[in-house]
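Dear colleague,

Please find the structure below, handed over for your use. My notes on what was found in it follow directly after.

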Amino acid sequence: MECVRSGVLGSRGSGKSFASATPCGKSSSTNLAACTKFEQKLHGKVKPLQLSASGTSSLVHRGPVLKYQRSLAVRSTSADVCTTFDENVKGVTSHAVQEKVGVLLLNLGGPETLNDVQPFLFNLFADPDIIRLPRLFRFLQRPLAKLISTFRAPKSKEGYASIGGGSPLRRITDEQANALKNALKEKNLEADIYVGMRYWYPFTEEAIDQIKKDKITKLVVLPLYPQYSISTSGSSIRVLQNIVEEDAYFAGLPISIIESWYQREGYVKSMADLIEKELTVFSNPEEVMIFFSAHGVPLTYVKDAGDPYRDQMEDCIALIMEELRSRGTLNNHTLAYQSRVGPIQWLKPYTDEVLVELGQNGVKSLLAVPVSFVSEHIETLEEIDMEYRELALESGIENWGRVPALGCTSSFISDLADAVVEALPSASALTTRKVKDTDSDMDMMHYLSKMFLGSVLAFILLLSPRLVSFFRNKLQ
């Protein structure tokens, strides 16, 4: 996450270096030639999401490897927007142009200045989808967030100072929004694009206010996370759900939510294009290990809360490698999870441990692929480019490379535009209904031990030495 990493940029094994965040769509590493038009397939279809009053959501757009079912159903209504799909052009009919269409891009957000770091961290840890407290202890959410953000801020400030004094995420997201608007226009769809950040400006709530002022008549919600997780897309969708419950305008607004899109052909092919391009930098491309590094989540999210993130990530990697093999790229690959915090168990294997093992096993050339992110930010610019590169070289890996984030890659943006066009016919008013709170169905002692003691106390234990030092200094 944007909050937990710090550091400076490291040079790449090819001899090139990154001095700052790569401008969206400006780098030769991320610009591809012309966008390929893809036929509509099952992977590309999207449906509206029904939100529950408890803050949970129905995962309508499921990947083929998901092994569970959510409890809520979808209420679909007829849509009066028509789409036309052609082998050469994807677009909408003139009827759709008459609609006042809005697209809401959801992202994490990040501090733009060093003074923003502590309040940004507070917003992050105050989110109940990040620190999942039992209902009995939810009154501790904000005090705990204040405690953690206060003690993490100095280290995080060092990291942001190293990459220019703030996160580039907002700038890049704004550039992606402009690129998406232009791509939609090429597909005969005029749409207003809004950016809503979860933990910093412009907040999701601000974007929603503007959508209402602009009197949008149809809305497509597009999280800029390829894979769904309750801690990313789910958290932002929960904000929207709360507004739908309380605002009559949004309760009646036709909305389509694209929960995940990692399985879309355009995304998969764009990722394969970037990987192929970076492999050519190596003197012996066929010997390079393709190393997918994904942002981790606590294991309890998957095991106890039903987060589909791990399944979707594994499916995503399989699709990318299948595409590469179809092109004759037969490199070995592996997947690991980065950015864990505290002593609790996160999704395994861990990126740092796998890098050491690969070096010990004789791997000499490695290409890192940040697969959870479509924008450069502190976890790509510092954690991967500096920390993991240094660890890899120390472990015996001699040649290091890194695939840039998709940014404004033309084929990627075009595919996002196709996803929006395809989602419009499914837009319908979101309904809410009360469902049983899963907390009440779980054994309280089991829940406390695995969620509260495992997650919350882990953060406190992580900070306890500095807590003691802090209070000792105050008393002197």
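Trp200, Tyr201 and Phe203 are linked into a cluster by ring pairs. The model is a predicted one, and seven aromatic pairs are found in the structure. In the pair of Trp200 and Tyr201, the ring centres are 4.9 Å apart and the planes stand at 70°, so the pair is edge-to-face. With a relative accessibility of 8%, Trp200 counts as buried, whereas Tyr201 is partly exposed at 40%. Trp261 and Tyr267 also form an edge-to-face pair, with 5.4 Å from centre to centre and 85° between the planes. Both Trp261 and Tyr267 are buried.

A charged side chain also meets an aromatic ring: Arg340 lies over the face of Tyr350, at 3.8 Å from the ring centre.

Tyr201 is also of interest for its backbone. A cis peptide bond joins Tyr201 to Pro202, with omega at about -10°. Pro202 is placed in the loop between strand 4 (191-197) and helix 5 (204-213). Another cis peptide bond joins Lys348 and Pro349, where omega is about 5°. Pro349 belongs to the loop between strand 8 and helix 11.

Helix 11 may be taken next. The buried residues of helix 11 (residues 351-360) are Thr351, Val354, Leu355, Leu358 and Gly359. These residues lie on the same side of helix 11 because they cover an arc of only 135° around the axis. In general, an α-helix has 3.6 residues a turn, so residues three or four places apart point the same way. Against what do the buried residues of helix 11 pack? Their partners are strand 7 (289-295), strand 8 (333-338), strand 9 (365-370), helix 12 (378-394) and strand 10 (399-402). Helix 11 is followed by Gly362, which has a positive phi, near 95°.

Positive phi values are also found in residues other than glycine. For Asn188, phi is near 65°. Asn188 is located in the loop between helix 4 (169-186) and strand 4, and counts as partly exposed because its relative accessibility is 46%. For Ser339, phi is near 70°. Is Ser339 buried or exposed? Ser339 is buried, since its relative accessible area is 2%, under the 20% limit that applies to buried residues. Ser339 is found in the loop between strand 8 and helix 11, and Pro349 of the cis peptide bond with Lys348 is found in the loop between strand 8 and helix 11 as well.

Yours sincerely

Notes: Residues are numbered from 1 along each chain as its sequence is written. This is a predicted model: local features need pLDDT of at least 70, side-chain atom pairs count only at pLDDT 80 or more; totals for chains, interfaces and linings use all residues. Side-chain values use heavy atoms; hydrogens and water are left out. Buried means under 20% relative accessible area, exposed over 50%, partly exposed in between (1.4 Å probe, protein chains only). Helices (H or I, at least four residues) and strands (E, at least two) are DSSP runs, numbered from the N terminus. The arc is that of the directions from the helix axis to the C-beta atoms. Contact means heavy atoms within 4.5 Å. Rings of Phe, Tyr and Trp (its six-membered ring) pair if their centres lie within 6.5 Å; planes under 30 degrees apart count as stacked, over 60 as edge-to-face and the rest as tilted. A charge sits over a ring if NZ of Lys or CZ of Arg is within 6 Å of the ring centre and within 35 degrees of the ring normal.
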